[in-house]
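Let's take a look through this one together. Have the sequence and the 3D view open as you read.

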Amino acid sequence: MSRTATIDRQPAWRALQAHADEVRTTHLRELFAEQPGRFAYFHRQAAGLTLDLSKQRWRPETLELLLELAREAGVPKAIEGLLSGERVNRSEDRPALHTALRLPADACLEVEGEDLVSAVHRTLTRMEAMVAKFHAGQWRGATGRTISDVVNLGVGGSDLGPLMVTHALADYRPAGVHEIHVHFASTMDGSQLADYLSRLNPETTLFVLSSKSFTTIDTLSNARTARDWLFSRLVVAERELAVDVDRDLVMRQHFIGVSASPEKMSEWGIAEVNQLEFWEWVGGRYSLWGAIGLPIALVVGMARFRELLAGAHAMDRHFQAAALEDNLPVLLALAGIWNVNFLDIRAHSILPYDGRLEYFASYLEQLEMESNGKSVTHDGQVTTYSTCPVLWGQLGPNAQHAFYQLLHQGTQAVECDFIAPLRRYDDVIDDATRTHLKNQHRLTLANCFAQSRVLMLGDNAIDEPGERPNHKRYRGNQPSTTLLLDRLTPRTLGALIALYEHKVFVQATIWDINPFDQWGVELGKQIAGETDRILASRQGLDAMDDSSRGLIEALWRVEEQGREGEPAGTEALPSAGENP
């Protein structure tokens, strides 16, 4: 439904602007001093997660005003529309039903005459049969040897989600099964794939091609290289192997496809029995919950994969049922809105304090910036307010020795999310090792808590006599959120991911933008295709800008030198003011 006026002209927004003028000059240490019991007021729990928002630069009045903004923007109705299958992806006129991928089998969700739950669980059943075959050591390559390595070929959501989760849940590999080593190759230049191909055995390697459209050039380029590698090693070598190997057999035993385009998978040569369904109503960056999650299931097993889905579904239920003032995704979203739009903080750092969450920041970079990096409303108006901040981060203990200097003493305000599990290493068998590791985990949590405290209080975090010189001063007043997991398990990880998915949706609702399309990446792909044709044909250079012409000509000179047998290199560039 169209709004009569943009959100920044609504009464709640204007009330927040007036309120921000007052709060902006108030330091976090003052906010804590004026509100005893601040943690109790600003923390919430759900689905195995604890969300602490007490270190945000806001007052109870701020939150009340933000909740009114959420109501004015229609957030409650938007939540119902998302979960019931309304066409919330308005630019592409379709639902965004990633939440349907984690509905239990006995649930019911019919959208436009289609029972989505039964279709989803049919795919999960097919996945389960595949995983069981791999774990039983029964999936064999073209020469009869058991597959032991699986390489996932995907990019964006078809890579970042499965990569992040398989790394985070590596402790949950099932015992007593044939172990599958899962690898990920996404880079267009082939460097990742080339490394794997130099080390893996073609007889025991299978490739999963994950692409919603099955037209993604990055993935298909890697897929062609993988196919040629298998053909050259297996089909040509069939006499040496004394096995009757042909290309059809290689394609059937060494490739699985995951796509919303079965006809394109078939055209490429993937056997129908090895195709898994991906629906148009699931965006790539929201897709790890379905067949795109096959690599996850290969690592942790289908039982654990279903626990991941159950954790996400628990957060979905909370998102749907909890009042706005107790709703974790809503509150997390409102903290971001407050920082971006009213405190003018446009940088956001994600800082997990657990090595298993090494790829979580990279995953969120795509989830948030591809979803909400938009500047046009649903009605086609250019926004007059900021939307998504720049997201970045890495493991907190490592980042402390890298970019925390900027957080503590730089010139920019940065919002930070600290993420950590409360318990770890309970299941280490050896008593002495368990004690040492639990001490290390306690030290990690001490650093996590201490860093958010220093960002909040600055110099006041420690009672130290004497005046510090300016270069040793900490100003503090940097807002942060702390997210604690009871433990990092498939369930709590599922809830954590879903929490951020829903946060993104709430912010998009308030900003009146579409978080489910990504038109901003399309033009670059189109121009890359045109540029590739110019590079190959050597025609059309005159239509290019001066910089592009110079870069293309530099490449052509190198190619010509290579053809003439000369060492490939670049000629010296002319100095400033010199004609080439």
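## Cysteines

How many disulfides does the count come to? It comes to 0. Keep in mind that we're looking at a predicted model.

The distances tell the story. A disulfide needs two cysteine sulfur atoms within 2.5 Å. For Cys388, the closest cysteine sulfur belongs to Cys416 and sits 15 Å away, so that's too far for a bond. Cys416 has its own closest cysteine sulfur in Cys448, at 11 Å, which is again too far for a bond. Cys416 is also buried, because its relative accessibility is 1% and the cut-off for buried is under 20%.

## The largest pocket

The largest pocket holds about 1,100 Å³. It is lined by 45 residues, and the closest to its centre are Ser213, Thr216, Val521, Glu522 and Lys525. Sorted by class, that lining has 17 polar, 15 nonpolar and 13 charged residues.

Which helices each supply at least two residues of the lining? They are helix 7 (157-168), helix 9 (217-235), helix 12 (262-268), helix 16 (360-372) and helix 21. Helix 21 gives the most, with 7 residues.

## Helix 21

Just after the helix, Arg538 takes a positive phi of about 60°.

Lys525 has its place in helix 21. Is Lys525 buried or exposed? With a relative accessible area of 51%, Lys525 is exposed, because the cut-off for exposed is over 50%.

## The annotated active site

Per the unreviewed UniProt entry, the "active site" annotation covers Glu370, His401 and Lys525. Do these residues gather at one spot or lie apart? They span 156 residues in sequence, and the farthest two C-alpha atoms are 36.7 Å apart, so they do not all gather at one spot. From this set, the lining of the largest pocket takes in Glu370 and Lys525.

As for His401, look in the loop between helix 17 (396-399) and helix 18 (404-409). His401 counts as exposed because its relative accessibility is 73%.

Technical notes:
Residues numbered from 1 in each chain as written. Predicted model: local features only at pLDDT ≥ 70, side-chain atom pairs only at ≥ 80, totals over all residues. Heavy atoms only, no water. Helix = DSSP H or I, 4+ residues; strand = E, 2+ residues; numbered from the N terminus. UniProt positions renumbered as here; feature names shortened; annotations may be inferred. 1 Å grid on protein atoms, 1.4 Å probe; cavity = no way out; pocket = protein on both sides within 12 Å on 5 of 7 lines; lining within 4 Å. Buried < 20%, exposed > 50% of the residue type's maximum accessible area, 1.4 Å probe, protein only. Points joined across faces, edges and corners; volume = space filled by probe spheres on them. Nonpolar A, V, L, I, M, F, W, Y, C, P; charged D, E, K, R; others polar.
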